[in-house]
Amino acid sequence: MENVAVDTEYYETLGVGVDASEAEINKAYYKKARDVHPDKEHGDPEAAALDFHALGEAYQVLSNPEQREAYDRCGKDGVMKDSMVDPTVLFGMMFGNEIFENYVGQLRLLSSPPPEFDPDIPPEVQKPKLEKIMKTMQEEREEKLTKILIHRLEPYIKGERDDFMESAKLESKHLCQAAFGKALLHTIGYIYRRQAAREIGKGKRYMKVPFLAEWVRDKRHTRNTQSAAAQAAIAYIHLREEWKKCNEEQVKNKNTIKTAENIKDAIFVSFWQMNVVDIETTLSHVCQAVLRDQGASKDILKQRAYGLKTLGKIFQEEVLFSGI
């Protein structure tokens, strides 16, 4: 039976039909988010910001089965009124930027479900198949990022050090201006420097201390990151409930709006911490693939390590100078 909607504005905003599947809505949302992302060059920034918010509002309603059904029956009057877009949706839209994908790829928590996913089939039944698909997607993600990083280090390998450093400094300034740019740049810089230091330290194994120190530091940092992510996941559940209660209030006064804003900020922080593990794990695998490439000579690998360390230092220094 064909779906009938009394209002099609949200569907038109996403560029999908009223019978669009969940997968089609997700795909359209991520594609549109790239086009209207605030970090892109726009002739009219204010108009782009409005488009960005409208897109998030449309996706927030159509991606929720209950909200979508209410919207189809009663239009906008049938859905929950809210002056702000769901913070999780906003976070996903903020990270829908190509410049980030060239460094970290598509984050796992923000990836749309694969076409093979069927919401009508119990998750435990689909789990083995989906895990295999996700593993393949992650391998492709890391392979792509490895090629990009090798290409990015090429000028350093060729001896074009000044051009390499100048390009890296300009890139770091650009990244810092993007949404979550400073946090992301700091994370990228840290992993680059740590992975490079480990490879450089391996050449001093006869002294034992340098390599061992890097290994212990990495292990400690990984445990801390995973612990923070686990705590953030717990906090996220409670914050989502608080956010829901704020939106359920019929009358919103200044205190309610301020509380909702504070909850949104806290959700952003929690969601970021939940994604850091994915980012750091992926980047570590990519760095190892770059620095242990069997198709490259020992001299090239050594130069890559020093180039990667230099790149990481430039990224972290830019964050330090611009202020976190």
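## A serine in helix α11

S284 lies in helix α11. This residue counts as buried, because its relative accessibility is 15% and the cut-off for buried is under 20%. Leaving out residues up to four places away in sequence, S284 touches I191 and Q195. The model described here is predicted.

N275 is also found in α11, a helix that covers residues 254–291. Its relative accessible area is 0%, so N275 is buried. Along the chain, N275 and R108 are 167 residues apart.

## The chain as a whole

What is the secondary structure of the protein chain? It comes to 12 helices and zero strands. Read from the N terminus on, the elements run α-α-α-α-α-α-α-α-α-α-α-α.

The protein chain has 324 residues, and buried residues make up 42% of them. Now take the contacts between residues at least 6 apart in sequence. Of these, 74% join residues at least 24 apart.

## An arginine in helix α7

R141 has its place in helix α7, which spans residues 123–157. Is R141 buried or exposed? Its relative accessibility is 8%, so R141 counts as buried.

Which residues does R141 touch? Not counting residues up to four places away in sequence, they are V104, G105, Q106, L107, R108, D278 and T282.

## How α9 meets α12

Two packed helices are described by the angle between their axes and the distance between the axes. Start with helix α9, residues 181–202, and helix α12, residues 298–322. Their axes come within 7 Å and cross at roughly 150°. An angle over 145 degrees counts as roughly antiparallel, so α9 is roughly antiparallel to α12. The crossing of α9 past α12 is left-handed.

Which residues make the contact? On the α9 side they are K182, L185, H186, I188, G189, Y190, Y192, R193, A196, E199 and I200. On the α12 side they are A305, Y306, L308, K309, L311, G312, K313, F315, Q316, E318, V319 and S322. Sorted by class, this contact has 12 nonpolar, five polar and six charged residues.

## How α8 meets α12

Helix α8 covers residues 161–177. Where do its axis and that of α12 come together? They come within 9 Å. They cross at roughly 40°. The two helices are therefore oblique to each other. Here α8 passes α12 in a right-handed crossing.

From α8, the contact uses R161, F164, M165, A168, K169, S172, K173 and C176. They meet Q303, G307, T310, L311, I314, F315, E318, V319 and S322 in α12. The residues of this contact divide into eight nonpolar, five polar and four charged.

Terms used. Residues numbered from 1 in each chain as written. Predicted model: local features only at pLDDT ≥ 70, side-chain atom pairs only at ≥ 80, totals over all residues. Heavy atoms only, no water. Axes fitted to C-alpha atoms, helices over the stretch in contact; angles between N-to-C directions. Helix = DSSP H or I, 4+ residues; strand = E, 2+ residues; numbered from the N terminus. Parallel < 35°, antiparallel > 145°, perpendicular 65-115°, else oblique. Left-handed = near helix turned anticlockwise from the far one by under 90°. Contact = heavy atoms within 4.5 Å. Nonpolar A, V, L, I, M, F, W, Y, C, P; charged D, E, K, R; others polar. Buried < 20%, exposed > 50% of the residue type's maximum accessible area, 1.4 Å probe, protein only.
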